[in-house]
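Open your viewer and get ready to select residues.

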Amino acid sequence: MKSFKLLMVSLLCVLTVGLCACGNDKPVSKTNFLLDTICQIDIYDMDEDQAMELIDNTYKICSDYEKLLSKTIKSSEIYKVNHNKGKATKLSDDTIFLIKKGIEYGNLSKGKFDITVGKATDLWNFYEDTPRIPGDDELKEAVATIDYKNIVVDGNMVSMKNPDTEIDLGAVAKGFICDKASEYLIDQGVEHAVVNLGGNIATIGNKPNGDKFKIAIENPENDEATIIGTIEGDNTTCSTSGTYKRFFEVDGVRYHHILDVNTGYPCNSGVQLVTIISKVGNSVNCDCLSTVCLTYGVEEGLKLIESIDGVEAVFMDTEGNISCTSGAGFTPLEQ
């Protein structure tokens with residue numbers, strides 16, 4: 001299985017996995033495994049002790065949100081909702097916010113984005129060495145429970161019209177957590193930093209020498225750490241969804257983790273990668289939109305993003321063709 005990476009690179013630096021530094025731009029950096037991915041936080045404008053304390057605090061924030069929002073952690077609020085047989089469950093403001101965000105994008109996408117996909121995702125395990133393809137009957141039964149309109153929100157109480165419906169916030173939670181991590185660092189006075197939570201990246205300010213950060217998008221068609229190009233920006237956030245992120249192959253057929261909510265099988269829109277770009281603090285929306293656009297396909301996805309202020313997109317289809325919105329600022333890698 002191939003894990004997803006976004007690579008951070010700087011001008012005139014040797015390309016490596018992670019954030020590269022030149023001269024006096026070397027950050028205080030620490031990696032961690034959270035949210036089912038390798039995370040990295042880099043702070044440029046504080047001494048090592050102070051920066052490391054803030055990084056550790058940020059990782060704790062990420063971990064606390066994972067424990068709150070994970071579908072599989074038994075003490076999480078989402079687990080409690082999913083196992084309360086449809087009855088009303090009291091949830092925190094943050095969980096309510098994300099559920100409402102999921103409903104918002106369910107409406108926007110006319111149901112192609114649906115956070116009640118939980119029963120279907122239960123049937124696929126992209127983490128095992130010997131994965132199993134669910135049967136048609138299993139998937140039909142799971143799909144019958146998928147409908148975000150089953151969710152009833154009343155203040156901080158959430159109930160389900162269908163007691164078998166399960167919420168899965170996998171397409172929205174990491175963007176939200178990226179926003180919370182960035183917000184914390186900014187509140188602590190950090191002016192030059194990068195938060196990299198796997199498919200979600202936020203750059204706080206620019207580099208101390210005034211250069212903008214460059215966010216490099218990995219090449220999904222190459223098992224090596226190569227890229228298709230870069231996005232330049234400061235105070236920028238981006239989210240990438242891809243069919244190469246988590247997958248397995250059986251008899252030459254690739255099964256990836258982004259499911260068609262109408263069939264329960266992996267979606268097949270002709271897109272293998274979408275990166276959504278916006279300003280820091282908007283990663284939660286980027287996260288949702290990257291999934292929506294991957295299910296839409298290139299033409300419909302481009303049209304959607306061009307209609308939304310403050311966001312841009314880069315698409316790569318299954319033929320290797322790259323398409324961008326008008327303001328994406330994407331620079332392809334020179335061949």
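Start by selecting S109 and Y105. A polar atom of the S109 side chain lies 2.8 Å from the backbone oxygen of Y105. This is a predicted model, where local features need pLDDT of at least 70, side-chain atom pairs count only at pLDDT 80 or more, and totals for chains, interfaces and linings use all residues. Residues are numbered from 1 along each chain as its sequence is written, and side-chain values use heavy atoms, with hydrogens and water left out.

Stay on S109. It sits in the loop between α3 and α4 (118-123). Helices here are DSSP runs of H or I with at least four residues, strands are runs of E with at least two, and both are numbered from the N terminus. Is S109 buried or exposed? S109 is buried, because its relative accessibility is 3%. Buried means under 20% relative accessible area, exposed over 50%, and partly exposed in between (1.4 Å probe, protein chains only).

Now show V292 and Y296. Both are in contact with S109, leaving aside its neighbours within four places in sequence. Contact means heavy atoms within 4.5 Å.

Next, select helix α3, residues 93-108. Its buried residues include T95, I99 and Y105. They pack against several elements, among them α1 (48-69) and α7 (283-296).

K110 takes a positive phi of about 55 degrees. Most residues other than glycine have a negative phi.

Jump to L35, in the loop between β2 (28-34) and β3 (37-43). L35 also has a positive phi of about 55 degrees. L35 is buried, at 11% relative accessible area.

Definitions and conventions:
Expected span 1.5 Å × (residues − 1). Polar contact = N/O pair within 3.5 Å; in protein donor to acceptor, adjacent residues only side chain to side chain.
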